[in-house]
Amino acid sequence: EGHWEFTGELLREMSWVFYNLAETNRLLTKSVKTLERTNVSISAGSTYSFLNLSGVGMLQEFLIVASQNTFRVNVVVDNATVWNKSYSDASNLTDVIPTMSAFQREDGKYIYYLSMIPFKSSVKIDIVNLDTANPITLDYVYCKYEVA
């Protein structure tokens, strides 16, 4: 009573989990890369394709710093949309989802941040200008990712 009994079955299951974690880590340590752009202009109502990768990996960080907040971020992982939120939508979710953040800094700049998005075959990030009358310029767009 009050103690764990480790059966062969449980140990087999645990070893499988640890093997998968080790294998994933081995694959992901192959290459960490970054992509950054400054002063990205997106014409009225248009879409800017920031990242389009094939392979197995992890989008560790994605960041936008902008003076305007009239944009939406669309993330497609393994051919399925996993994130499609405007700045306004995202800023309302910040407290709920620990791997994302959207807020306005004291200097007036808008911050949009996502992290830790795994992918098995592909990842694509599009940024859409929601203003159909005016272009917008994103001050800085950055991502850090691992891909095998």
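Which residue does Met 58 stand opposite in β9? I began my notebook with this pairing, and I found that Met 58 stands opposite Glu 146 in β9. I keep in mind throughout that the model is predicted.

I next followed β9 to its partners, starting with strand β3 (residues 57–66), which pairs with β9 in the antiparallel sense over nine bridges. Within β9, I noted Leu 138 as the bridge partner of Ala 66. I then looked up strand β1 (residues 32–42), which pairs with β9 over ten bridges, again in the antiparallel sense, and here I recorded Cys 143 of β9 as the bridge partner of Leu 35.

I placed these pairings in an open sheet of five strands, whose order is β1-β9-β3-β7-β6 and whose pairing is antiparallel. Its edge strands are β1 and β6 (100–104), each of which pairs on one side only. From one strand to the next I read a twist that averages 10 degrees. I also checked how far β9 is covered, and I wrote down that nine of its twelve residues are buried.

**Entry: the four-stranded sheet**

I turned to the other open sheet on my list, in which four strands are arranged in the order β2-β8-β4-β5 with antiparallel pairing. I marked β2 and β5 (80–86) as the edge strands, since each pairs on one side only. Neighbouring strands of this sheet are turned by 10 degrees against each other on average, direction ignored.

I went through the pairings strand by strand. Strand β2 (residues 47–54) and β8 pair in the antiparallel sense over seven bridges, and I noted that Ser 49 has Asp 126 as its bridge partner in β8. Strand β4 (residues 71–77) is joined to β8 by seven bridges, and these two strands run antiparallel; the bridge partner of Val 73 in β8 is Ile 127. Six bridges join β4 to β5, with the two running antiparallel, and I found Asn 74 opposite Asn 84 in β5.

Is Ser 122 buried or exposed? I read a relative accessible area of 14% for Ser 122, and because the cut-off for buried is under 20%, Ser 122 counts as buried. Setting aside residues up to four places away in sequence, I listed what Ser 122 touches: Leu 53, Ser 54, Gly 55, Val 76, Val 77, Asp 78 and Asn 79.

**Entry: the nonpolar core**

I looked up the largest nonpolar core, which has 33 residues, and I noted that Leu 51, Phe 62, Ile 64, Phe 71, Val 73 and Leu 138 are those with the most contacts inside it. Strand β9 (residues 136–147) gives the most to this core, with six residues. In soluble globular proteins, nonpolar side chains tend to be buried together.

I then traced the contacts of Leu 51, leaving aside its neighbours within four places in sequence, and found Leu 35, Leu 59, Val 123, Lys 124, Ile 125, Cys 143 and Tyr 145.

**Entry: aromatic rings**

How many aromatic pairs does a search of the whole structure find? I recorded six aromatic pairs. One of them joins Phe 71 and Tyr 112 in a tilted arrangement, at 5.6 Å centre to centre and with 50 degrees between the planes. Phe 71 lies in strand β4 and Tyr 112 in strand β7 (residues 110–119), so this pair ties together parts that are 41 residues apart in sequence. Phe 71 is buried, with a relative accessible area of 0%, and Tyr 112 is likewise buried, with a relative accessible area of 0%.

I looked up another aromatic pair, Tyr 140 with Tyr 142, which is stacked at 6.2 Å centre to centre and with 10 degrees between the planes. Here I noted that Tyr 140 is partly exposed, with a relative accessible area of 24%, whereas Tyr 142 counts as buried at 18% relative accessibility.

I also wrote down one aromatic cluster, formed by Phe 71, Tyr 87, Tyr 110 and Tyr 112.

Technical notes
Residues numbered from 1 in each chain as written. Predicted model: local features only at pLDDT ≥ 70, side-chain atom pairs only at ≥ 80, totals over all residues. Heavy atoms only, no water. Pairing = 2+ DSSP bridges. Core = buried A, V, L, I, M, F, W, Y, C linked by side-chain atoms within 4.5 Å. Buried < 20%, exposed > 50% of the residue type's maximum accessible area, 1.4 Å probe, protein only. Contact = heavy atoms within 4.5 Å. Phe/Tyr/Trp six-rings, centres within 6.5 Å; stacked < 30°, edge-to-face > 60°. Axes fitted to C-alpha atoms, helices over the stretch in contact; angles between N-to-C directions.
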